[in-house]
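I opened this model to look up its pocket, its core and one hairpin. Notes follow in the order I took them.

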Amino acid sequence: MATLKIKKGDTVKVIAGKDKGSEGKVVAVDAKHHKVVVEGINMITKHTKPSAANQNGGIVQKEAPIDISNVMYVHKGQTTRVGFKFENDKKVRFAKSTGEVID
C-alpha cells in the first residue's frame, strides 16, 4: 500500500464537495479507506441513544470522513501538492510548489 501524503495534524483545504474552499486541521486518517476527518468540515447530524457516556442522548453534530482526494495540503497559506524525497537516507515529504521539506 502506498504511503499517504496527508497526515494527522496537517492543515488542508477542501477542493471538492459541499465544503469546497474550507480549511481545517486533519483530526484522523483512515489509510485503508482513503478517508480523512477534518475539524469543522463535512458536519453531520447524528441521533444518539442515551448511554453511560452520554446520559441524555439526543442530536449531536460531528465531522464525517471525506475522501482524501478531495483535500489538498496547505503550506504557508497556499495549497500545494506533496511529494516524497530522500534526504540523508531518510524519506521526507516536501511541498512541490516551493520544494521545501514539510517534515
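For sorting residues I counted Ala, Val, Leu, Ile, Met, Phe, Trp, Tyr, Cys and Pro as nonpolar, Asp, Glu, Lys and Arg as charged, and the others, Gly among them, as polar. The model is a predicted one.

I looked up the largest pocket and found about 250 Å³ of space in it. The lining has 16 residues, and K5, I6, I68, V71 and V82 are the closest to the pocket centre. By class, I read nine nonpolar, four polar and three charged residues in this lining. Which strand gives the most to the lining? I found strand β7, residues 71-75, with three residues.

I then turned to the largest nonpolar core, which has 13 residues. I noted I6, V12, V36, V38, I66, I68 and V71 as those with the most contacts inside the core. β1 (11-14), β3 (35-38) and β7 each supply at least two residues of this core. In general, nonpolar side chains of soluble globular proteins tend to be buried together.

Setting aside neighbours within four places in sequence, I found I6 in contact with V12, V26, V29, V36, I68, V71, Y73 and R93.

I checked strands β9 (residues 82-87) and β10 (residues 90-95), which run antiparallel and are joined by six bridges. V82 has A95 in β10 as its bridge partner. Two residues lie between the strands of this hairpin, and N88 takes a positive phi near 55°.

Methods
Residues are numbered from 1 along each chain as its sequence is written. This is a predicted model: local features need pLDDT of at least 70, side-chain atom pairs count only at pLDDT 80 or more; totals for chains, interfaces and linings use all residues. Side-chain values use heavy atoms; hydrogens and water are left out. On a 1 Å grid over the protein atoms alone, a cavity is a set of points where a 1.4 Å probe fits but cannot get out, and a pocket is an open set with protein on both sides within 12 Å along at least five of seven lines; lining residues have an atom within 4 Å of a point. Grid points are joined across faces, edges and corners, and a volume is the space filled by probe spheres set on the points. Helices (H or I, at least four residues) and strands (E, at least two) are DSSP runs, numbered from the N terminus. Two strands pair if DSSP finds at least two bridges between them. A nonpolar core is a set of buried Ala, Val, Leu, Ile, Met, Phe, Trp, Tyr and Cys residues joined through side-chain atoms within 4.5 Å. Buried means under 20% relative accessible area, exposed over 50%, partly exposed in between (1.4 Å probe, protein chains only). Contact means heavy atoms within 4.5 Å.
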